[in-house]
Amino acid sequence: RALAHATRRALASSSFAAPTVGPLPSSVRSTSTSYAREMSTLCVLAAPSLLASKPLTDRLRAETPKEFDIVLGSEIEDFKDVIDGAKSRDEVSMLWWFAKKELVEGFMASASVGERVRWMHSGSAGVEHLLAVDAVKNHSAPLSNGKGAFSASLGEWGVFACMYFAKRVDVMRKAQSERRWIREHVGMIEGKRMCVVGYGDIGAHVASRAKAMGMHVDAVRRSPEKTSANDSSVERVVSFAEINDAVKDADYVVVALPATPETEKMINADVLRSMKPSSVLINVGRGSTVDEDALVDALRDKTIAGAALDVFAVEPLPSNHAFYGMENVLISFHCADLTADYHDLALDCFIENATNVVKGQPLTHVVDKALGY
């Protein structure tokens, strides 16, 4: 966890002033204030399965600043006092803790709640689930997220996926299951070229680990100019418009894009045709960013050699999906970042920002709601 803390601080690229005592336009939300120095109600909208988890039972109340009066629930009835009861005049902060969309919609649908919300935080790094709720997307209160909490694990998985195909793990496992002794050539990832599509926090973690393994790394991102001149992990960074050219020489194309209207099916048939027949597509971002029908065709036709997929357009992936039966596909069931301390790392991000709010310091990892990340 200490390493995760340090990594998040080092790579933090967005900050925002703590919110004031009323929803303000984004253009003027720039002065540090301390609205939570007086008691504020923190509504934690949680998935039912997580209500008894240790981060919530052992850490939430113990580590959240005392200026927050915590109301925890998984049903709209759990927040009745906040909506129209004894706490109906309190200022409100909202922590989304992997709850269903319907709970968020019901909570934000109350006019009295909407008027009192001053800050929202997503336990996950991805926020498409929250921005799908208009009352959240259009609200003037800032939304922060768990950016960076899971990037280390995803960075490791991105490199692991390269090695899975290079070392022909599938062939070895098959021979082992059949009790056959085989001698097969294996490849190396040292000297190979990786193209990271979506060079944010996750993409940067993949790139740094790939570089350490001796790989050459290029990147594609929305704003190449945001890349630090001191970033030694990448050799070339280009814009989304140049993606077809960027992937043509890559041995491994790692997708680490957020789910936004701009990135939907960005990895389409044209991009796949631009890749080398020996190349592998790896997705550690969001399933919606890949045209899965086009990917199935590319894998069947040997347009590309393989794919390692942690995320999918529809989850759980339907049992009749073609990916399950394809020998050149590695599926990890959206588990690449599901470490034993997953929820603790997520809570670390929230506690950090809750403390910032109380102290009147800038929030970290504030989401640009227009861009979707």
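Which residue in S10 does Val-197 stand opposite? Val-197 stands opposite Val-255 in S10. This is a predicted model, where local features need pLDDT of at least 70 and side-chain atom pairs count only at pLDDT 80 or more, while totals for chains, interfaces and linings use all residues. Residues are numbered from 1 along each chain as its sequence is written, and side-chain values use heavy atoms, with hydrogens and water left out.

**The whole chain**

- The protein chain holds 14 helices and 14 strands. Both are DSSP runs, numbered from the N terminus: helices are H or I with at least four residues, strands are E with at least two.
- Of its 373 residues, 53% count as buried. Buried means under 20% relative accessible area, exposed means over 50%, and partly exposed lies in between (1.4 Å probe, protein chains only).
- The accessible surface comes to about 17200 Å², and 51% of this belongs to carbon and sulfur atoms. Such areas come from the Shrake-Rupley method with a 1.4 Å probe; for residues, only the protein chains shown count as cover.
- Take the contacts between residues at least 6 apart in sequence: 70% of them join residues at least 24 apart. Contact means heavy atoms within 4.5 Å.

**The open sheet**

- An open sheet has 7 strands in the order S9-S8-S7-S10-S11-S12-S13, with parallel pairing. Two strands pair if DSSP finds at least two bridges between them.
- Its edge strands are S9 (236–238) and S13 (329–331), and each pairs on one side only.
- Neighbouring strands of this sheet are turned by 15 degrees against each other on average, direction ignored. Axes are lines fitted to C-alpha atoms, for helices over the stretch in contact, and angles run from 0 to 180 degrees between N-to-C directions.
- Strands of a sheet pair through backbone hydrogen bonds, either parallel or antiparallel.

**Strand S7 and its partners**

- S7 is mostly covered, with 4 of its 5 residues buried.
- S7 runs parallel to S8, and 5 bridges join the two. In S8, Val-220 is the bridge partner of Val-197.
- The chain crosses from S7 through H10 to S8 in a right-handed β-α-β crossover. Right-handed means that, with the strands pointing away from the viewer, the path from the first strand over the helix to the second runs clockwise.
- S7 also runs parallel to S10, through 4 bridges.
- Helix H10 (residues 201–212) lies across S7 (193–197), S8 (216–220) and S10 (252–255), at about 170 degrees to S7.

**Strands S12 and S13**

- S12 (residues 306–309) and S13 run parallel, joined by 3 bridges. Ala-308 has Leu-330 in S13 as its bridge partner.
- Helix H13 (residues 292–300) lies across S11 (280–283), S12 and S13, at about 140 degrees to S12.

**Nonpolar cores**

- The largest nonpolar core has 52 residues, and Leu-45, Trp-97, Phe-107 and Phe-350 have the most contacts inside it. Such a core is a set of buried Ala, Val, Leu, Ile, Met, Phe, Trp, Tyr and Cys residues joined through side-chain atoms within 4.5 Å.
- Helix H14 (residues 342–359) gives the most to this core, with 10 residues.
- Apart from it lies another core, of 33 residues, among them Ile-243, Val-255, Val-329 and Ile-331.

**Val-92**

- Val-92 lies in strand S4 (residues 92–97).
- Val-92 counts as buried because its relative accessibility is 0%.
- Leaving aside neighbours within four places in sequence, the contacts of Val-92 include Ser-40, Val-82, Phe-107 and Trp-119.
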